[in-house]
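Here's a quick briefing to read alongside the model. Have the sequence and the 3D view open as you go.

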Amino acid sequence: MPRQSPGSDATTRHLLSLCGPLPERPRVLDLGCGPGRAALLLAAEAGAEVTAVDLYEGFLDELREAAEARGLGDRVHAVRADMGAPPCQDGSFDLVWAEGSAYLIGFDRALASWRRLLAPGGALVVTECEWTVEEPSAGARAFWDPRCALRSTARNLAAVQVAGYRVMGVHHQPDSDWAEYYGPLGERVRASGSPSPAAPTAAATAATAAVREELDVRARHGHEYGYTGYVLRPVTAGDDGAWPARPETAADAAAVREVNLAAFDTPLEADLVDALRADASWLPGLSYVAERPDGSVAAHALLTRCEVAGTPALALAPVATDPALQRSGAGSSVVRALLAEARRRGEALVLVLGHPAYYARFGFVPASRFGIRAPFEVPDEAMMALVLDDTVPVPAGTIAYPAPFGV
């Protein structure tokens with residue numbers, strides 16, 4: 001097979017473009033490389049020095065031959081090793097690449113164990129099969145659940161957040177990527193039905209039956225699942241301008257009000273914070289500030305209790321940064337610290353009404369994907385949700401905000 005999972009050269013190129021500027025000769029680790037389609041492209045088009053890892057020597061031999069044939073033998077190094085524990089030094093790669101292979105060790109384990117391999121400023125590129133519908137059918141689950149516990153994009157983004165990564169890009173792979181995989185696979189299956197001088201072995205018969213089942217499930221349920229590519233970068237203090245963030249104290253109240261007054265055109269947000277402090281929805285320790293070097297307040301973010309169909313959730317509002325410090329990382333720093341604290345406390349769901357491009361960096365997705373809606377008219381993409389604990393069912397329904405919100 002030319003590919004071991006759905007994909008295309010176009011998708012590899014697009015994911016590469018989302019990584020941002022790279023060194024002249026980037027060091028790339030391709031994990032679960034298979035026959036090396038991505039490794040060869042990265043070596044040829046990105047000028048990369050690629051270490052390609054797989055456990056199957058047949059794939060590695062094929063990759064070595066292809067690299068030599070293309071004049072890339074000095075840039076592609078095939079290594080037989082376990083991708084769950086690659087024999088590589090910490091911080092030794094500008095890109096860690098894994099198309100269609102992370103599921104073999106689990107998405108969460110991949111995020112955790114591969115982070116150490118990245119050099120400062122490095123990126124992890126991984127593709128994962130996911131549910132694309134809220135309620136997958138019994139037929140789709142009967143096939144996938146015993147093989148791989150698929151999750152939604154929202155739940156995988158939550159896992160990314162938990163693992164401490166910044167989202168640089170998300171790419172939902174097109175149906176044509178599946179055609180590049182299933183086209184050759186279907187041809188092999190059809191060929192296996194042709195007369196042969198040798199009787200097929202039991203293993204071959206079982207393998208063919210398994211592939212036929214997979215093709216049938218894709219034909220009947222393919223709209224329910226698909227592959228998504230993620231380009232991720234570990235979050236460090238420097239990413240957010242090294243702004244220390246902490247819970248607010250009573251001494252910060254006046255400064256928090258000033259930051260909110262400066263950040264917004266009206267005093268409504270500043271008044272909302274003051275009103276929430278006196279409301280039952282206030283949760284001590286979930287109002288955070290980011291500090292300037294002199295200890296003064298640079299940014300503020302607040303989580304208070306709300307509900308969705310009677311189930312407790314958190315409302316992120318307001319988020320404010322001193323206008324002189326916008327785009328400095330102070331706002332991102334305080335939001336990340338606040339969400340981390342909410343997760344540590346065992347909270348499961350956070351809702352925010354805000355700019356989609358900004359909040360997507362923290363893992364928020366449209367709340368409508370979960371059947372969650374605002375109690376007022378709002379653009380679908382602006383009402384967003386972040387799942388902090390994917391072991392807890394996400395409620396569907398209308399958000400009930402605390403009384404001070406006035407809705």
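## Ala-385 and the rest

Leaving out neighbours up to four places away in sequence, Ala-385 is in contact (heavy atoms within 4.5 Å) with Leu-349, Val-350, Leu-351, Gly-363, Phe-364, Val-365, Pro-366, Ala-367 and Phe-370. Bear in mind that this is a predicted model: local features need pLDDT of at least 70, side-chain atom pairs count only at pLDDT 80 or more, and totals for chains, interfaces and linings use all residues. Residues are numbered from 1 along each chain as its sequence is written, and side-chain values use heavy atoms, with hydrogens and water left out.

**More on Ala-385**

- Ala-385 sits in strand β16, residues 383-387; helices (H or I, at least four residues) and strands (E, at least two) are DSSP runs, numbered from the N terminus.
- With a relative accessible area of 1%, Ala-385 is buried; that label means under 20% relative accessible area, with exposed over 50% and partly exposed in between (1.4 Å probe, protein chains only).
- One of its contacts, Leu-349, is 36 residues away along the chain, yet the two C-alpha atoms are separated by 7.0 Å.

**The whole protein**

- You're looking at 12 helices and 17 strands.
- Of the 407 residues in the protein, 51% are buried.
- Take contacts between residues at least 6 apart in sequence: 73% of them join residues at least 24 apart.
- Along the principal axes, the C-alpha atoms fill a box of roughly 85 × 50 × 30 Å.

**Helix pair α4 and α6**

- Two packed helices are described by the angle between their axes and the distance between the axes.
- For α4 (residues 107-114) and α6 (residues 153-162), the axes come within 10 Å and cross at roughly 25°; axes are lines fitted to C-alpha atoms, for helices over the stretch in contact, and angles run from 0 to 180 degrees between N-to-C directions.
- The crossing of α4 and α6 is right-handed, which goes with the near helix being turned clockwise from the far one by less than a right angle, anticlockwise being left-handed.
- On the α4 side Phe-107, Asp-108 and Leu-111 meet Asn-156, Ala-159 and Val-160 of α6.
- Sorted by class, that contact of α4 with α6 has four nonpolar, one polar and one charged residues (Ala, Val, Leu, Ile, Met, Phe, Trp, Tyr, Cys and Pro count as nonpolar, Asp, Glu, Lys and Arg as charged, and the others, Gly among them, as polar).
- Helix α6 is mostly covered, with nine of its 10 residues buried; among them are Arg-155, Asn-156 and Gln-161.
- After α6 comes Gly-164, with a positive phi near 85°.

**Helix pair α1 and α2**

- α1 (residues 9-17) packs on α2 (residues 37-45) at about 55°, with the axes 10 Å apart.
- That makes α1 oblique to α2.
- This crossing, α1 past α2, is right-handed.
- Asp-9, Thr-12, Arg-13 and Leu-16 in α1 meet Arg-37, Ala-38, Leu-41, Leu-42 and Glu-45 in α2.
- By class, the contact of α1 with α2 divides into four nonpolar, one polar and four charged residues.

**Cysteines**

- There are zero disulfides here, a disulfide being a pair of cysteine sulfur atoms within 2.5 Å.
- Cys-88 is buried, at 17% relative accessibility.
- Cys-148 is in no disulfide either, and the nearest cysteine sulfur, that of Cys-129, is 7.0 Å away.
- Cys-148 is buried too, with a relative accessible area of 14%.

- A cis peptide bond joins Ala-317 and Pro-318, with omega about -10°.
- Pro-318 lies in strand β12, residues 311-321.
- Ala-309 is not a glycine, but its phi is positive, near 55°.
- Where is Ala-309? Look in the loop between β11 (297-308) and β12.
- Ala-309 is exposed, with a relative accessible area of 57%.

**His-171**

- His-171 is in strand β7, residues 165-172.
- At 16% relative accessibility, His-171 counts as buried.
- Not counting residues up to four places away in sequence, His-171 touches Thr-11, His-14, Leu-15, Tyr-227, Thr-228 and Gly-229.

Terms used
Angles under 35 degrees count as roughly parallel, over 145 as roughly antiparallel, 65 to 115 as roughly perpendicular and the rest as oblique.
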